[in-house]
Amino acid sequence: METGGAYGGSKAGAAFDPIAFVQRPQVILRAVCWLFAIIVFGCISSQGWRVDDAGKDVCLYNGDANACNYGVGIGVIAFLASMGFIVGEYLFEQMSSVKTRKHYVMGDMAFSAFWSFLYFIGFCYLANQWGKAEDPPMGYGVNNVQAAIAFSFFSILTWAGCAFFAYQRFKQGVDAAFAAYDADPTGGNAYSSYPVGNDADQYHEPPFSGQQQRGTNEFQAPTY
């Protein structure tokens, strides 16, 4: 089934325009999500841990290793997913099947909304643990820890924005598919009525109508 601009994309096979591609809101937001993901897991990985007197690594988020691992985990997966969706945006114009585009848009919407929710949990979790933590010696890693919390909050907004744009695409695809059913049934051309009155006289008489049926007494024997 060929597409003609289904789900917010141009018709399959159209020429690729790199300028228009990088100016898409979906691509811009994906790039921002990618950057924020690097900041979140990079800050925690680099200075989110310190070595205590016993030589063990201690998470700066109140010594909760799960908080550091959670922040790094959602950041790394968000980093990979953002790159995957950017590639998907490039391939989206080449999808000639409406069903394939629909599945991609639905997957984009579900994953983005879910990851926005996970970032919300991460923001609350990290902020809560950091509020209970003692100040690290000589302020080690404070800026990184606080940056991870801040960009976790920003990531909530960016991933929610990606989910919103995917939802708009989904609605656009549904509207296009059912546009013919939403048309006003009385707005089209009415069927022509059956001719009545003198218009019926304009029709030709059936063939052989001039020949009257002969009675039995009018039969003429053929001559030989």
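This is a predicted model: local features need pLDDT of at least 70, side-chain atom pairs count only at pLDDT 80 or more; totals for chains, interfaces and linings use all residues.
View 1. Starting at the N terminus, the elements follow the order α-α-β-β-α-α-α-α. Helices (H or I, at least four residues) and strands (E, at least two) are DSSP runs, numbered from the N terminus. Of the 224 residues in the protein, 31% are buried, meaning under 20% relative accessible area with a 1.4 Å probe and protein chains only. The accessible surface is about 14700 Å², and carbon and sulfur atoms hold 60% of that surface; these areas come from the Shrake-Rupley method with a 1.4 Å probe. Among contacts with a separation of 6 or more, 78% join residues 24 or more positions apart, where contact means heavy atoms within 4.5 Å.

**View 2. Helix α2 meets helix α3.** Here you can follow α2 (residues 25–47) and α3 (residues 65–92), whose axes come within 8 Å and cross at roughly 155°. An axis is a line fitted to C-alpha atoms, for helices over the stretch in contact, and angles run from 0 to 180 degrees between N-to-C directions. The angle therefore makes α2 roughly antiparallel to α3, a label for angles over 145 degrees. Look for W34 and F41 among the contact residues of α2, and for F79 and F85 among those of α3. The residues of this contact comprise 17 nonpolar, five polar and two charged. Nonpolar covers Ala, Val, Leu, Ile, Met, Phe, Trp, Tyr, Cys and Pro, charged covers Asp, Glu, Lys and Arg, and the others, Gly among them, are polar. The crossing of α2 and α3 is left-handed: the near helix is turned anticlockwise from the far one by less than a right angle.

View 3. Is Q26 buried or exposed? Q26 counts as buried because its relative accessibility is 15%. Setting aside neighbours within four places in sequence, Q26 touches E89, F165 and R169.

**View 4. Helix α3 meets helix α4.** The axes of α3 and α4 (residues 98–132) come within 10 Å, crossing at roughly 155°. So α3 is roughly antiparallel to α4. In the contact of α3 with α4 you will find 17 nonpolar, six polar and three charged residues. The crossing of α3 and α4 is left-handed.

**Notes.** Residues are numbered from 1 along each chain as its sequence is written. Local features need pLDDT of at least 70 and side-chain atom pairs count only at pLDDT 80 or more, while totals for chains, interfaces and linings use all residues, and side-chain values use heavy atoms, leaving out hydrogens and water.

Definitions and conventions: Angles under 35 degrees count as roughly parallel, over 145 as roughly antiparallel, 65 to 115 as roughly perpendicular and the rest as oblique. Buried means under 20% relative accessible area, exposed over 50%, partly exposed in between (1.4 Å probe, protein chains only).
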